[in-house]
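Please go through the structure below with a view to its surface and its backbone geometry. The briefing that follows takes these topics in turn.

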Amino acid sequence: MELLEQISKALFSNVSGSAPGPLDYITCVIRWILPLLAVIILLRCALSMLRGKPESEVWGWLSLPDGTRAPLCHWENIIGRSKTCDVAVDVPTVSRTHAAVIRDDKGNWRIINLGSKGGVMAGGKKVPVSALIHNGTVLKLADVELVFVALSPEQEREQAMRRSRPGRTYRPGATFLLLTMFQLLLALQFCISMKDDLNLIVPAAFLLLTVLMWLYFALIRSFGRLGFEAESIAFFLCTLSMSVVATSAPESLIKQLACLFAGLVGFVIIGCYLRDLKRTADVRWAAAIVGLLLLAVNVLTADTLNGAKNWLQIGGVSFQPSEFVKVCFVFAGAATMDRLYMRRNLLAFIAFSGACVLALVLMSDFGTAVVFFCTYLIISFLRSGSFATVFLSVGGAALAGMLALTMKPYIASRFSTWGHAWEYVNEGGYQQTRAMAASASGGLFGVGAGNGWFHRIFAADTDLVFGVICEELGLIIAVLAVLAIVLLAVFAVKSAATARSSFYVIASCAAVTIMMTQVILNVFGSLDILPFTGVTFPFVSNGGSSMIACWCLLAFIKANDTRQNASIAVRLPKGLRAAMQGVRG
(Lines give C-alpha, C1' and ligand atoms only; values in the text may rest on other atoms or scores of the structure.)
Protein backbone atom coordinates (compact mmCIF):
# COMPACT_ATOMS: atom_id res chain seq x y z
CA MET A 1 0.00 0.00 0.00
CA GLU A 2 2.82 2.39 0.83
CA LEU A 3 4.36 1.75 -2.58
CA LEU A 4 1.04 2.53 -4.31
CA GLU A 5 0.70 5.73 -2.30
CA GLN A 6 4.22 6.82 -3.27
CA ILE A 7 3.52 6.12 -6.96
CA SER A 8 0.25 8.04 -6.72
CA LYS A 9 1.99 11.03 -5.14
CA ALA A 10 4.69 10.98 -7.82
CA LEU A 11 2.12 10.84 -10.64
CA PHE A 12 -0.15 13.53 -9.29
CA SER A 13 2.31 15.81 -7.54
CA ASN A 14 2.08 18.25 -10.44
CA VAL A 15 -1.69 18.03 -10.67
CA SER A 16 -3.03 18.62 -7.22
CA GLY A 17 -1.77 19.03 -3.68
CA SER A 18 -4.67 17.01 -2.23
CA ALA A 19 -5.83 13.43 -2.81
CA PRO A 20 -6.39 12.83 -6.53
CA GLY A 21 -9.95 12.76 -7.83
CA PRO A 22 -11.47 11.53 -11.11
CA LEU A 23 -10.55 14.75 -12.94
CA ASP A 24 -6.96 14.43 -11.74
CA TYR A 25 -6.79 10.93 -13.20
CA ILE A 26 -8.10 12.24 -16.53
CA THR A 27 -5.57 15.08 -16.49
CA CYS A 28 -2.76 12.64 -15.78
CA VAL A 29 -3.79 10.40 -18.67
CA ILE A 30 -3.93 13.41 -21.01
CA ARG A 31 -0.46 14.53 -19.88
CA TRP A 32 0.89 11.14 -20.96
CA ILE A 33 -1.10 10.85 -24.20
CA LEU A 34 -0.22 14.31 -25.58
CA PRO A 35 3.55 13.65 -25.93
CA LEU A 36 2.80 10.26 -27.51
CA LEU A 37 0.50 11.86 -30.08
CA ALA A 38 3.08 14.59 -30.75
CA VAL A 39 5.80 12.00 -31.37
CA ILE A 40 3.57 10.03 -33.77
CA ILE A 41 2.53 13.18 -35.68
CA LEU A 42 6.09 14.42 -36.22
CA LEU A 43 7.38 10.92 -36.94
CA ARG A 44 4.77 10.48 -39.67
CA CYS A 45 5.71 13.86 -41.17
CA ALA A 46 9.44 13.08 -41.01
CA LEU A 47 9.13 9.64 -42.59
CA SER A 48 6.88 10.98 -45.34
CA MET A 49 9.11 13.99 -46.10
CA LEU A 50 12.51 12.33 -45.87
CA ARG A 51 11.98 8.75 -47.01
CA GLY A 52 13.88 7.80 -50.14
CA LYS A 53 15.96 9.99 -52.41
CA PRO A 54 14.44 13.04 -54.13
CA GLU A 55 13.37 12.12 -57.64
CA SER A 56 14.95 14.20 -60.37
CA GLU A 57 12.96 15.63 -63.25
CA VAL A 58 14.36 15.65 -66.79
CA TRP A 59 13.38 18.66 -68.90
CA GLY A 60 15.61 18.06 -71.92
CA TRP A 61 18.99 16.79 -73.06
CA LEU A 62 22.25 17.97 -74.61
CA SER A 63 23.83 15.63 -77.13
CA LEU A 64 27.58 15.63 -76.44
CA PRO A 65 30.35 15.14 -79.04
CA ASP A 66 30.98 11.55 -77.85
CA GLY A 67 27.38 10.61 -78.73
CA THR A 68 26.03 10.52 -75.18
CA ARG A 69 23.11 12.66 -74.00
CA ALA A 70 23.41 14.68 -70.81
CA PRO A 71 20.06 15.22 -69.06
CA LEU A 72 18.92 18.70 -68.07
CA CYS A 73 17.45 18.03 -64.61
CA HIS A 74 16.56 21.62 -63.72
CA TRP A 75 15.07 24.68 -65.32
CA GLU A 76 18.51 26.29 -64.94
CA ASN A 77 21.57 24.28 -65.97
CA ILE A 78 25.21 25.39 -66.00
CA ILE A 79 27.46 24.05 -68.76
CA GLY A 80 31.23 24.18 -68.35
CA ARG A 81 34.50 22.40 -67.74
CA SER A 82 34.07 22.30 -63.94
CA LYS A 83 32.92 18.99 -62.49
CA THR A 84 30.38 20.86 -60.37
CA CYS A 85 28.48 22.03 -63.48
CA ASP A 86 25.15 20.43 -64.30
CA VAL A 87 26.58 19.45 -67.68
CA ALA A 88 30.36 18.93 -67.50
CA VAL A 89 32.27 19.24 -70.81
CA ASP A 90 35.88 18.25 -70.15
CA VAL A 91 37.49 20.19 -72.98
CA PRO A 92 40.30 22.74 -72.32
CA THR A 93 38.79 25.42 -74.58
CA VAL A 94 35.54 25.43 -72.61
CA SER A 95 35.45 27.77 -69.61
CA ARG A 96 34.82 26.44 -66.12
CA THR A 97 31.33 27.98 -66.20
CA HIS A 98 30.78 28.65 -69.88
CA ALA A 99 27.02 29.02 -70.41
CA ALA A 100 23.61 28.40 -68.87
CA VAL A 101 20.58 26.79 -70.48
CA ILE A 102 17.39 28.10 -68.87
CA ARG A 103 13.69 27.20 -69.20
CA ASP A 104 10.77 29.48 -68.29
CA ASP A 105 7.31 28.58 -66.99
CA LYS A 106 5.88 28.36 -70.51
CA GLY A 107 8.49 25.87 -71.70
CA ASN A 108 10.65 28.32 -73.67
CA TRP A 109 14.42 27.77 -73.51
CA ARG A 110 17.30 30.25 -73.69
CA ILE A 111 21.06 29.94 -73.65
CA ILE A 112 23.02 32.56 -71.72
CA ASN A 113 26.68 33.40 -72.22
CA LEU A 114 28.29 33.55 -68.77
CA GLY A 115 31.20 35.67 -69.92
CA SER A 116 33.10 32.77 -71.50
CA LYS A 117 36.38 33.35 -73.29
CA GLY A 118 35.61 30.98 -76.18
CA GLY A 119 32.19 32.46 -76.86
CA VAL A 120 28.77 30.89 -77.45
CA MET A 121 26.90 30.31 -80.70
CA ALA A 122 23.30 29.09 -81.17
CA GLY A 123 22.02 28.05 -84.59
CA GLY A 124 25.12 29.49 -86.22
CA LYS A 125 24.68 32.94 -84.63
CA LYS A 126 26.88 34.47 -81.97
CA VAL A 127 25.29 34.89 -78.53
CA PRO A 128 26.64 38.03 -76.78
CA VAL A 129 24.25 37.70 -73.79
CA SER A 130 21.32 35.34 -74.42
CA ALA A 131 19.28 33.79 -77.22
CA LEU A 132 16.18 31.63 -77.61
CA ILE A 133 16.79 27.99 -78.55
CA HIS A 134 14.46 25.26 -79.78
CA ASN A 135 14.42 21.51 -80.14
CA GLY A 136 17.34 20.54 -82.38
CA THR A 137 19.25 23.83 -82.09
CA VAL A 138 23.01 23.32 -82.50
CA LEU A 139 24.98 25.04 -79.74
CA LYS A 140 28.67 25.79 -80.03
CA LEU A 141 30.71 26.44 -76.90
CA ALA A 142 34.20 27.51 -78.02
CA ASP A 143 34.94 24.67 -80.51
CA VAL A 144 32.57 22.09 -78.97
CA GLU A 145 29.23 21.43 -80.66
CA LEU A 146 26.18 20.31 -78.66
CA VAL A 147 22.63 19.63 -79.84
CA PHE A 148 19.72 20.70 -77.65
CA VAL A 149 16.80 18.28 -77.34
CA ALA A 150 13.66 19.52 -75.52
CA LEU A 151 11.20 17.40 -73.60
CA SER A 152 7.85 17.16 -75.39
CA PRO A 153 4.54 17.78 -73.55
CA GLU A 154 3.66 14.09 -73.93
CA GLN A 155 6.98 13.04 -72.40
CA GLU A 156 6.45 15.51 -69.57
CA ARG A 157 3.07 13.99 -68.72
CA GLU A 158 4.46 10.45 -68.90
CA GLN A 159 7.33 11.43 -66.61
CA ALA A 160 4.93 12.99 -64.11
CA MET A 161 2.74 9.87 -64.09
CA ARG A 162 5.75 7.66 -63.33
CA ARG A 163 6.93 9.72 -60.37
CA SER A 164 5.89 8.64 -56.89
CA ARG A 165 3.38 10.80 -55.05
CA PRO A 166 3.31 11.65 -51.33
CA GLY A 167 0.50 10.58 -49.04
CA ARG A 168 0.31 6.93 -50.05
CA THR A 169 2.21 5.32 -47.17
CA TYR A 170 1.55 8.01 -44.56
CA ARG A 171 -1.93 9.31 -45.30
CA PRO A 172 -2.25 13.05 -44.61
CA GLY A 173 -5.86 12.54 -43.52
CA ALA A 174 -4.70 10.20 -40.74
CA THR A 175 -2.07 12.74 -39.64
CA PHE A 176 -4.73 15.46 -39.50
CA LEU A 177 -6.94 13.12 -37.47
CA LEU A 178 -4.13 12.66 -34.93
CA LEU A 179 -3.70 16.43 -34.84
CA THR A 180 -7.41 16.80 -34.16
CA MET A 181 -7.12 14.41 -31.20
CA PHE A 182 -4.15 16.42 -29.93
CA GLN A 183 -6.12 19.67 -30.16
CA LEU A 184 -9.27 18.29 -28.52
CA LEU A 185 -7.32 16.73 -25.64
CA LEU A 186 -5.60 20.06 -25.02
CA ALA A 187 -8.98 21.79 -24.97
CA LEU A 188 -10.29 19.18 -22.51
CA GLN A 189 -7.27 19.67 -20.29
CA PHE A 190 -7.92 23.41 -20.16
CA CYS A 191 -11.57 22.80 -19.30
CA ILE A 192 -10.49 20.62 -16.38
CA SER A 193 -7.72 22.93 -15.12
CA MET A 194 -9.86 26.08 -15.28
CA LYS A 195 -12.97 24.43 -13.74
CA ASP A 196 -15.28 27.19 -12.47
CA ASP A 197 -13.09 29.90 -14.04
CA LEU A 198 -13.40 28.37 -17.50
CA ASN A 199 -13.55 30.92 -20.30
CA LEU A 200 -15.67 29.44 -23.09
CA ILE A 201 -13.44 31.20 -25.60
CA VAL A 202 -10.75 28.59 -24.87
CA PRO A 203 -12.57 25.43 -26.04
CA ALA A 204 -14.26 27.43 -28.81
CA ALA A 205 -10.87 28.60 -30.13
CA PHE A 206 -9.49 25.04 -30.25
CA LEU A 207 -12.64 23.87 -32.02
CA LEU A 208 -12.34 26.68 -34.58
CA LEU A 209 -8.68 25.76 -35.13
CA THR A 210 -9.69 22.19 -35.87
CA VAL A 211 -12.42 23.32 -38.29
CA LEU A 212 -10.01 25.71 -40.04
CA MET A 213 -7.43 22.95 -40.40
CA TRP A 214 -9.91 20.56 -42.03
CA LEU A 215 -11.31 23.26 -44.31
CA TYR A 216 -7.79 23.91 -45.57
CA PHE A 217 -7.28 20.18 -46.08
CA ALA A 218 -10.48 19.90 -48.12
CA LEU A 219 -9.60 22.96 -50.22
CA ILE A 220 -6.11 21.79 -51.14
CA ARG A 221 -7.26 18.23 -51.80
CA SER A 222 -9.81 19.65 -54.24
CA PHE A 223 -6.82 20.87 -56.29
CA GLY A 224 -5.50 17.30 -56.42
CA ARG A 225 -2.61 18.01 -54.03
CA LEU A 226 -1.41 15.26 -51.69
CA GLY A 227 1.53 16.72 -49.72
CA PHE A 228 0.55 18.11 -46.32
CA GLU A 229 3.62 17.44 -44.16
CA ALA A 230 4.82 21.06 -43.89
CA GLU A 231 1.31 22.25 -43.10
CA SER A 232 0.88 19.47 -40.52
CA ILE A 233 4.03 20.67 -38.76
CA ALA A 234 2.80 24.26 -38.87
CA PHE A 235 -0.64 23.31 -37.49
CA PHE A 236 1.03 21.31 -34.71
CA LEU A 237 3.11 24.33 -33.71
CA CYS A 238 0.06 26.61 -34.01
CA THR A 239 -1.78 24.29 -31.61
CA LEU A 240 1.01 24.84 -29.10
CA SER A 241 0.63 28.56 -29.71
CA MET A 242 -3.09 28.38 -28.91
CA SER A 243 -2.20 26.55 -25.70
CA VAL A 244 0.29 29.26 -24.74
CA VAL A 245 -2.20 32.04 -25.45
CA ALA A 246 -5.01 30.20 -23.64
CA THR A 247 -2.95 29.98 -20.47
CA SER A 248 -1.39 33.46 -20.58
CA ALA A 249 -3.93 35.72 -22.33
CA PRO A 250 -7.16 33.86 -23.21
CA GLU A 251 -8.77 37.13 -24.29
CA SER A 252 -6.28 37.19 -27.20
CA LEU A 253 -7.26 33.75 -28.55
CA ILE A 254 -9.65 35.05 -31.19
CA LYS A 255 -7.08 37.60 -32.37
CA GLN A 256 -4.42 34.88 -32.59
CA LEU A 257 -6.81 32.61 -34.47
CA ALA A 258 -7.70 35.44 -36.87
CA CYS A 259 -4.01 36.05 -37.56
CA LEU A 260 -3.52 32.32 -38.11
CA PHE A 261 -6.30 32.46 -40.71
CA ALA A 262 -4.70 35.53 -42.32
CA GLY A 263 -1.36 33.75 -42.41
CA LEU A 264 -2.94 30.68 -43.99
CA VAL A 265 -4.50 32.87 -46.69
CA GLY A 266 -1.10 34.49 -47.26
CA PHE A 267 0.46 31.03 -47.50
CA VAL A 268 -1.97 30.00 -50.26
CA ILE A 269 -1.68 33.31 -52.14
CA ILE A 270 2.14 33.30 -52.12
CA GLY A 271 2.15 29.61 -53.07
CA CYS A 272 0.01 30.33 -56.12
CA TYR A 273 2.03 33.45 -56.96
CA LEU A 274 5.28 31.46 -56.92
CA ARG A 275 3.99 29.29 -59.76
CA ASP A 276 5.09 31.92 -62.28
CA LEU A 277 8.84 32.20 -61.86
CA LYS A 278 9.26 35.25 -64.11
CA ARG A 279 6.52 37.15 -62.31
CA THR A 280 8.01 36.15 -58.96
CA ALA A 281 11.50 37.29 -59.95
CA ASP A 282 10.16 40.61 -61.25
CA VAL A 283 8.62 41.47 -57.86
CA ARG A 284 12.02 41.46 -56.13
CA TRP A 285 12.62 45.19 -56.45
CA ALA A 286 9.10 46.05 -55.33
CA ALA A 287 9.53 43.79 -52.28
CA ALA A 288 12.82 45.48 -51.40
CA ILE A 289 11.26 48.96 -51.64
CA VAL A 290 8.26 47.94 -49.51
CA GLY A 291 10.58 46.43 -46.91
CA LEU A 292 12.71 49.57 -46.67
CA LEU A 293 9.65 51.81 -46.47
CA LEU A 294 8.19 49.74 -43.61
CA LEU A 295 11.44 49.97 -41.67
CA ALA A 296 11.82 53.68 -42.41
CA VAL A 297 8.31 54.42 -41.11
CA ASN A 298 9.07 52.30 -38.06
CA VAL A 299 12.32 54.16 -37.31
CA LEU A 300 10.78 57.61 -37.78
CA THR A 301 7.37 57.24 -36.15
CA ALA A 302 7.33 54.30 -33.69
CA ASP A 303 7.42 54.87 -29.94
CA THR A 304 9.98 53.13 -27.76
CA LEU A 305 8.49 50.17 -25.89
CA ASN A 306 10.54 47.97 -23.52
CA GLY A 307 13.78 49.42 -24.85
CA ALA A 308 12.98 49.00 -28.56
CA LYS A 309 10.86 50.88 -31.09
CA ASN A 310 9.74 47.97 -33.25
CA TRP A 311 5.96 48.41 -33.02
CA LEU A 312 3.59 50.50 -35.11
CA GLN A 313 -0.01 51.28 -34.23
CA ILE A 314 -2.59 52.07 -36.90
CA GLY A 315 -6.25 52.45 -36.04
CA GLY A 316 -5.78 50.84 -32.65
CA VAL A 317 -4.06 47.78 -34.17
CA SER A 318 -0.43 47.16 -33.23
CA PHE A 319 1.94 45.19 -35.44
CA GLN A 320 5.64 44.63 -36.00
CA PRO A 321 6.77 45.76 -39.47
CA SER A 322 10.01 43.81 -39.16
CA GLU A 323 8.05 40.54 -39.26
CA PHE A 324 6.63 41.38 -42.69
CA VAL A 325 9.99 42.68 -43.86
CA LYS A 326 11.28 39.10 -43.42
CA VAL A 327 9.02 38.03 -46.29
CA CYS A 328 10.21 40.98 -48.39
CA PHE A 329 13.81 40.07 -47.53
CA VAL A 330 13.37 36.55 -48.93
CA PHE A 331 11.75 37.88 -52.12
CA ALA A 332 14.57 40.41 -52.58
CA GLY A 333 17.35 37.95 -51.79
CA ALA A 334 16.33 35.02 -53.98
CA ALA A 335 17.35 35.16 -57.63
CA THR A 336 17.16 33.10 -60.79
CA MET A 337 20.32 31.74 -62.39
CA ASP A 338 20.52 34.41 -65.09
CA ARG A 339 20.72 37.10 -62.38
CA LEU A 340 23.24 35.30 -60.17
CA TYR A 341 26.06 36.09 -62.57
CA MET A 342 25.32 39.82 -62.61
CA ARG A 343 27.57 41.27 -59.94
CA ARG A 344 25.49 44.42 -59.61
CA ASN A 345 22.53 42.36 -58.38
CA LEU A 346 24.56 40.91 -55.51
CA LEU A 347 25.93 44.34 -54.61
CA ALA A 348 22.38 45.73 -54.60
CA PHE A 349 21.30 42.96 -52.23
CA ILE A 350 24.26 43.62 -49.94
CA ALA A 351 23.28 47.30 -49.79
CA PHE A 352 19.64 46.36 -49.11
CA SER A 353 20.67 43.97 -46.33
CA GLY A 354 22.92 46.58 -44.75
CA ALA A 355 20.07 49.11 -44.75
CA CYS A 356 17.72 46.59 -43.09
CA VAL A 357 20.19 45.67 -40.36
CA LEU A 358 21.07 49.33 -39.75
CA ALA A 359 17.38 50.21 -39.37
CA LEU A 360 16.89 47.37 -36.88
CA VAL A 361 19.90 48.53 -34.87
CA LEU A 362 18.46 52.06 -34.78
CA MET A 363 15.21 50.52 -33.55
CA SER A 364 17.24 48.68 -30.86
CA ASP A 365 15.80 45.39 -32.14
CA PHE A 366 19.09 43.56 -31.80
CA GLY A 367 17.58 40.04 -31.96
CA THR A 368 15.84 40.62 -35.29
CA ALA A 369 19.00 42.26 -36.64
CA VAL A 370 20.88 39.02 -35.88
CA VAL A 371 18.16 37.02 -37.66
CA PHE A 372 18.45 39.23 -40.77
CA PHE A 373 22.23 39.09 -40.74
CA CYS A 374 22.35 35.28 -40.50
CA THR A 375 19.86 35.04 -43.35
CA TYR A 376 21.93 37.49 -45.39
CA LEU A 377 25.02 35.27 -44.92
CA ILE A 378 23.18 32.22 -46.26
CA ILE A 379 21.70 34.10 -49.22
CA SER A 380 24.99 35.80 -50.13
CA PHE A 381 26.85 32.48 -50.06
CA LEU A 382 24.20 30.72 -52.16
CA ARG A 383 24.24 33.58 -54.66
CA SER A 384 28.01 34.03 -54.92
CA GLY A 385 29.50 30.73 -53.73
CA SER A 386 32.24 32.85 -52.21
CA PHE A 387 33.48 32.34 -48.65
CA ALA A 388 35.38 35.62 -48.97
CA THR A 389 32.08 37.51 -49.19
CA VAL A 390 30.87 35.76 -46.04
CA PHE A 391 34.08 36.40 -44.09
CA LEU A 392 34.14 40.07 -45.05
CA SER A 393 30.50 40.40 -43.99
CA VAL A 394 31.17 38.74 -40.64
CA GLY A 395 34.14 41.04 -40.06
CA GLY A 396 32.06 44.10 -40.86
CA ALA A 397 29.26 42.86 -38.60
CA ALA A 398 31.71 42.37 -35.73
CA LEU A 399 32.83 46.00 -35.97
CA ALA A 400 29.22 47.18 -36.23
CA GLY A 401 28.32 45.03 -33.22
CA MET A 402 31.05 46.61 -31.11
CA LEU A 403 29.81 50.03 -32.15
CA ALA A 404 26.23 49.08 -31.27
CA LEU A 405 27.29 47.90 -27.81
CA THR A 406 28.91 51.27 -27.25
CA MET A 407 25.93 53.28 -28.48
CA LYS A 408 23.18 51.10 -26.97
CA PRO A 409 23.84 50.48 -23.26
CA TYR A 410 20.80 48.25 -22.81
CA ILE A 411 22.26 45.76 -25.32
CA ALA A 412 25.52 45.74 -23.39
CA SER A 413 23.58 44.98 -20.20
CA ARG A 414 22.12 41.89 -21.88
CA PHE A 415 25.66 40.67 -22.56
CA SER A 416 26.81 41.47 -19.02
CA THR A 417 24.32 39.00 -17.53
CA TRP A 418 24.88 36.35 -20.21
CA GLY A 419 26.03 33.17 -18.49
CA HIS A 420 25.57 34.75 -15.06
CA ALA A 421 21.78 34.88 -14.80
CA TRP A 422 21.73 33.26 -11.36
CA GLU A 423 24.05 35.96 -10.06
CA TYR A 424 21.45 38.58 -11.05
CA VAL A 425 18.29 36.71 -10.05
CA ASN A 426 16.24 39.83 -9.39
CA GLU A 427 17.95 42.09 -11.91
CA GLY A 428 19.11 41.36 -15.47
CA GLY A 429 18.68 37.61 -15.07
CA TYR A 430 15.16 37.75 -13.66
CA GLN A 431 13.38 36.33 -16.74
CA GLN A 432 15.94 33.67 -17.61
CA THR A 433 16.16 32.27 -14.07
CA ARG A 434 12.37 31.96 -13.89
CA ALA A 435 12.32 30.34 -17.34
CA MET A 436 14.92 27.76 -16.28
CA ALA A 437 13.05 27.05 -13.03
CA ALA A 438 9.76 26.61 -14.90
CA SER A 439 11.39 24.37 -17.51
CA ALA A 440 12.82 22.13 -14.80
CA SER A 441 9.58 21.97 -12.81
CA GLY A 442 7.60 20.67 -15.79
CA GLY A 443 9.57 17.44 -16.12
CA LEU A 444 9.04 15.24 -19.16
CA PHE A 445 5.24 15.47 -19.25
CA GLY A 446 4.51 18.90 -17.76
CA VAL A 447 2.12 19.98 -15.03
CA GLY A 448 -0.80 20.17 -17.46
CA ALA A 449 -2.11 22.94 -19.71
CA GLY A 450 -3.36 25.83 -17.60
CA ASN A 451 -1.72 24.62 -14.38
CA GLY A 452 1.57 26.53 -14.62
CA TRP A 453 2.75 29.76 -13.02
CA PHE A 454 5.46 30.93 -15.43
CA HIS A 455 2.96 32.59 -17.80
CA ARG A 456 2.68 35.43 -15.26
CA ILE A 457 6.28 36.50 -15.97
CA PHE A 458 6.66 39.36 -18.45
CA ALA A 459 7.15 38.18 -22.08
CA ALA A 460 6.66 34.53 -21.07
CA ASP A 461 4.27 33.94 -23.96
CA THR A 462 6.56 35.52 -26.57
CA ASP A 463 10.31 35.71 -25.97
CA LEU A 464 10.33 33.01 -23.24
CA VAL A 465 7.66 30.72 -24.68
CA PHE A 466 9.94 27.67 -24.50
CA GLY A 467 9.68 27.87 -20.70
CA VAL A 468 5.87 27.88 -20.85
CA ILE A 469 5.81 24.80 -23.10
CA CYS A 470 8.32 22.97 -20.88
CA GLU A 471 6.40 23.75 -17.70
CA GLU A 472 2.86 22.99 -18.84
CA LEU A 473 3.27 20.40 -21.62
CA GLY A 474 6.64 18.95 -20.67
CA LEU A 475 10.16 18.71 -22.03
CA ILE A 476 9.21 16.07 -24.62
CA ILE A 477 6.74 18.32 -26.44
CA ALA A 478 9.04 21.35 -26.06
CA VAL A 479 11.91 19.45 -27.72
CA LEU A 480 9.55 18.19 -30.43
CA ALA A 481 8.58 21.80 -31.17
CA VAL A 482 12.26 22.56 -31.82
CA LEU A 483 12.69 19.39 -33.89
CA ALA A 484 9.67 20.40 -35.98
CA ILE A 485 11.54 23.48 -37.23
CA VAL A 486 14.70 21.40 -37.71
CA LEU A 487 12.66 18.96 -39.82
CA LEU A 488 11.55 21.81 -42.10
CA ALA A 489 15.18 22.88 -42.46
CA VAL A 490 16.37 19.36 -43.33
CA PHE A 491 13.58 19.00 -45.87
CA ALA A 492 14.46 22.33 -47.51
CA VAL A 493 18.12 21.33 -47.86
CA LYS A 494 17.21 17.87 -49.17
CA SER A 495 14.78 19.31 -51.72
CA ALA A 496 17.47 21.66 -53.08
CA ALA A 497 19.05 18.81 -55.06
CA THR A 498 16.02 18.46 -57.31
CA ALA A 499 14.76 22.06 -57.26
CA ARG A 500 13.67 23.52 -60.57
CA SER A 501 15.20 26.96 -60.06
CA SER A 502 17.85 28.63 -57.94
CA PHE A 503 15.13 31.09 -56.88
CA TYR A 504 13.25 28.35 -55.03
CA VAL A 505 16.45 26.98 -53.48
CA ILE A 506 17.61 30.35 -52.16
CA ALA A 507 14.12 31.36 -51.00
CA SER A 508 13.47 28.12 -49.11
CA CYS A 509 16.92 28.09 -47.50
CA ALA A 510 16.49 31.75 -46.50
CA ALA A 511 13.07 31.02 -44.98
CA VAL A 512 14.33 28.11 -42.87
CA THR A 513 17.38 30.16 -41.84
CA ILE A 514 15.05 32.81 -40.43
CA MET A 515 13.07 30.18 -38.53
CA MET A 516 16.11 28.26 -37.28
CA THR A 517 17.90 31.40 -36.12
CA GLN A 518 14.80 32.52 -34.23
CA VAL A 519 14.45 29.12 -32.55
CA ILE A 520 18.11 29.10 -31.50
CA LEU A 521 17.96 32.63 -30.11
CA ASN A 522 14.60 32.05 -28.41
CA VAL A 523 15.40 28.72 -26.75
CA PHE A 524 19.05 29.28 -25.88
CA GLY A 525 18.36 32.87 -24.87
CA SER A 526 15.65 31.86 -22.40
CA LEU A 527 17.98 29.21 -20.92
CA ASP A 528 20.94 31.66 -20.66
CA ILE A 529 23.04 29.65 -23.12
CA LEU A 530 23.04 32.65 -25.49
CA PRO A 531 22.35 36.32 -24.74
CA PHE A 532 18.65 37.04 -24.32
CA THR A 533 17.73 38.93 -27.50
CA GLY A 534 13.94 38.83 -27.38
CA VAL A 535 12.89 37.08 -30.59
CA THR A 536 9.82 34.91 -31.09
CA PHE A 537 9.54 31.15 -31.54
CA PRO A 538 8.11 30.58 -35.08
CA PHE A 539 4.40 29.67 -35.05
CA VAL A 540 4.40 29.19 -31.24
CA SER A 541 4.89 32.61 -29.65
CA ASN A 542 1.89 34.83 -29.00
CA GLY A 543 1.77 37.53 -31.67
CA GLY A 544 -0.24 38.12 -34.81
CA SER A 545 2.55 39.66 -36.90
CA SER A 546 4.85 36.72 -36.22
CA MET A 547 2.11 34.18 -36.98
CA ILE A 548 1.26 35.73 -40.35
CA ALA A 549 4.93 36.09 -41.33
CA CYS A 550 5.72 32.46 -40.43
CA TRP A 551 2.93 31.11 -42.64
CA CYS A 552 4.12 33.32 -45.50
CA LEU A 553 7.69 32.07 -45.06
CA LEU A 554 6.41 28.49 -45.10
CA ALA A 555 5.14 29.12 -48.65
CA PHE A 556 8.76 29.45 -49.85
CA ILE A 557 9.68 26.11 -48.27
CA LYS A 558 6.63 24.48 -49.83
CA ALA A 559 7.44 25.94 -53.26
CA ASN A 560 10.71 24.01 -53.27
CA ASP A 561 8.84 20.72 -52.88
CA THR A 562 8.83 19.21 -56.38
CA ARG A 563 7.32 15.86 -55.39
CA GLN A 564 4.46 14.96 -57.70
CA ASN A 565 1.18 16.62 -56.61
CA ALA A 566 2.75 17.87 -53.38
CA SER A 567 2.62 21.66 -53.65
CA ILE A 568 0.20 24.20 -55.12
CA ALA A 569 3.28 26.25 -56.08
CA VAL A 570 4.23 23.62 -58.67
CA ARG A 571 2.16 23.54 -61.84
CA LEU A 572 0.95 20.16 -63.00
CA PRO A 573 1.47 19.19 -66.65
CA LYS A 574 -1.56 19.85 -68.85
CA GLY A 575 -4.06 17.00 -68.70
CA LEU A 576 -2.49 15.46 -65.61
CA ARG A 577 -4.71 17.08 -62.98
CA ALA A 578 -7.85 15.35 -64.28
CA ALA A 579 -6.04 12.01 -64.21
CA MET A 580 -5.01 12.60 -60.62
CA GLN A 581 -8.47 13.47 -59.31
CA GLY A 582 -9.12 9.85 -58.48
CA VAL A 583 -6.10 9.62 -56.19
CA ARG A 584 -7.02 10.01 -52.51
CA GLY A 585 -4.64 10.89 -49.67
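Helix H5 (residues 201–222) gives the most to a nonpolar patch, with three residues; helices here are DSSP runs of H or I with at least four residues, numbered from the N terminus. This is a predicted model, in which local features need pLDDT of at least 70, side-chain atom pairs count only at pLDDT 80 or more, and totals for chains, interfaces and linings use all residues. Residues are numbered from 1 along each chain as its sequence is written, and side-chain values use heavy atoms, with hydrogens and water left out.

**Nonpolar surface patch**
- The patch is formed by Leu-184, Leu-207, Val-211 and Leu-215, which together have about 370 Å² of accessible area (Shrake-Rupley method, 1.4 Å probe, with only the protein chains shown counting as cover for residues).
- Patch residues have over 30% relative accessible area and no salt bridge, and nonpolar side chains (Val, Leu, Ile, Met, Phe, Trp, Tyr) are joined within 5 Å; a salt bridge is a side-chain nitrogen of Lys or Arg within 4 Å of a carboxyl oxygen of Asp or Glu.
- Val-211 lies in helix H5 and, at 41% relative accessibility, counts as partly exposed (between buried, under 20%, and exposed, over 50%, with a 1.4 Å probe and protein chains only).

**Positive phi in loops**
- Ala-459, although not a glycine, has a positive phi of about 70 degrees; this residue sits in the loop between helix H16 (430–442) and helix H17 (465–473), and counts as buried because its relative accessibility is 11%.
- Asp-528 is likewise not a glycine and has a positive phi of about 65 degrees; the loop that holds Asp-528 runs between helix H19 (502–526) and helix H20 (544–559), and Asp-528 is buried, with a relative accessible area of 11%.

Methods
Helices (H or I, at least four residues) and strands (E, at least two) are DSSP runs, numbered from the N terminus. Patches are made of residues with over 30% relative accessible area and no salt bridge: like charges are joined within 9 Å, nonpolar side chains (Val, Leu, Ile, Met, Phe, Trp, Tyr) within 5 Å.
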